[in-house]
Amino acid sequence: MTNPIEIKKLTVAYDKTAVLKDIQFSVPKGSLTAIIGPNGAGKSTLIKAILGLIPKVSGDIKIYGKPYRAKDRLVGYVPQRGSVDWDFPTSALDVVLMGRYGHIGWFKRPGKEDMALAKESLKKVGMDAYANRQISQLSGGQQQRVFLARALVQDAQVYFMDEPFVGVDAATEKAIIQLLTDLKDQGKTVIVVHHDLQTVEEYFDHCILLNKEVIASGVTEEVFTLEQLHQTYGGKLAFLDKGKVMVEQTR
Ligand code: ADP
């Protein structure tokens with residue numbers, strides 16, 4: 001069976017500096033995969049390269065065996081909250097409806113069914129009461145939920161999420177992980193840039209350890225080891241009691 005994501009010998013550069021070198025991994029269908037690595041490791045760049053948002057220098061990226069353009073409707077993307085202009089005057093419902101454009105076509109108006117799906121999706125993330133609220137007037141956690149609703153309404157097969165837990169409260173984090181687990185249970189594939197090492201084993205069944213190169217990728221029990229975390233983070237790992245590790249982040 002063709003894997004949802006198959007990356008071979010991928011190199012990506014900004015100007016002439018390579019930030020991702022010789023990246024190779026595959027992601028199996030129905031997995032919840034974390035991309036883990038220190039700041040500047042190239043995690044966001046990797047997602048953007050897979051989505052064709054930045055060009056690659058060389059290598060091969062396949063979504064269900066085809067280039068991204070041929071499969072873009074199968075892919076949902078939740079960008080980093082900080083990378084979005086939240087002052088843009090639009091309502092939560094409009095943001096979610098944007099997720100339907102791939103189905104509707106950009107020049108048509110959303111129909112009743114699209115509207116119903118968007119509302120249902122807002123409900124799933126507990127945001128139905130905020131449908132008409134301007135996105136600038138939502139809290140960080142609420143904005144993240146709206147983004148998630150937009151991805152859900154797309155009805156994709158593969159979801160990429162860039163740090164969905166940053167700046168959200170514990171209740172939202174729980175709601176998000178529950179949604180991701182539901183997607184996985186439906187056979188969808190979810191790839192998440194994640195920086196909280198404490199929750200990796202609890203949340204994710206697969207991991208990719210990244211620091212400009214892939215240090216390891218595969219099943220969490222095999223990949224998420226102290227030795228490989230050391231290789232990924234260098235001296236930035238800090239140890240807590242009961243063998244827990246965390247990273248001294250400069251954010
Ligand atoms: P991460 O998501 O792991 O923190 P990024 O993918 O954001 O890492 O960045 C990887 C490297 O590429 C960093 O050294 C960063 O400074 C650099 N970089 C990211 N975006 C750009 C850009 N638009 N132009 C030039 N360099 C960039």
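View 1. Helices (H or I, at least four residues) and strands (E, at least two) are DSSP runs, numbered from the N terminus. Contact means heavy atoms within 4.5 Å, and angles run from 0 to 180 degrees between N-to-C directions, with axes as lines fitted to C-alpha atoms, for helices over the stretch in contact. This is a predicted model, in which local features need pLDDT of at least 70 and side-chain atom pairs count only at pLDDT 80 or more, while totals for chains, interfaces and linings use all residues. Residues are numbered from 1 along each chain as its sequence is written, and side-chain values use heavy atoms, with hydrogens and water left out.

**View 2. The open sheet of 3 strands has antiparallel pairing.** Its strand order is β2-β1-β4; two strands pair if DSSP finds at least two bridges between them. Because β2 (17–27) and β4 (58–63) each have a single partner strand, one side of each is left without a neighbour in the sheet. From one strand to the next, the twist averages 25 degrees. Strand β1 (residues 5–14) is joined to β4 by 5 bridges, and I5 stands opposite I63 in β4.

**View 3. An open sheet of 6 strands has mixed pairing.** Follow the order β5-β6-β7-β3-β8-β9. At the edges are β5 (75–78) and β9 (213–219), each pairing on one side only. Here the twist averages 15 degrees from one strand to the next. Strands β6 (residues 158–162) and β7 (residues 189–193) run parallel and are joined by 5 bridges; look for M161 opposite V192 in β7. Helix α6 (residues 140–153) lies across β5 and β6, running at about 175 degrees to β5.

**View 4. Strand β3 is covered on both faces.** All 5 of the 5 residues of β3 (residues 32–36) are buried, so this strand is largely enclosed by the rest of the structure. Buried means under 20% relative accessible area, exposed over 50%, and partly exposed in between (1.4 Å probe, protein chains only). L32, A34 and I36 are on one side, with T33 and I35 on the other. β3 pairs with β7 in the parallel sense over 4 bridges, where I35 has V193 as its bridge partner. Another 4 bridges join β3 to β8 (residues 206–211), also parallel, and T33 has H206 as its bridge partner there.

**View 5. The largest nonpolar core has 46 residues.** A nonpolar core is a set of buried Ala, Val, Leu, Ile, Met, Phe, Trp, Tyr and Cys residues joined through side-chain atoms within 4.5 Å. I36, L122, V146, L180 and L197 touch the most other members. Helix α6 gives the largest share, 7 residues. Leaving aside neighbours within four places in sequence, V146 is in contact with A92, V95, V96, L122, M127 and L138. Apart from this core lies another, of 25 residues, among them L10, A49, I54 and I63.

**View 6. Ten residues are listed around the ligand, including Y14, V19 and P38.** A backbone N or O atom of G40 lies 2.8 Å from an oxygen atom of the ligand, and for G42 the distance from a backbone N or O atom to a ligand oxygen atom is 3.0 Å. In the side chain of T45, an N or O atom is 2.4 Å from an oxygen atom of the ligand.

Methods: Near = heavy atom within 4 Å. Polar contact = N/O pair within 3.5 Å; in protein donor to acceptor, adjacent residues only side chain to side chain.
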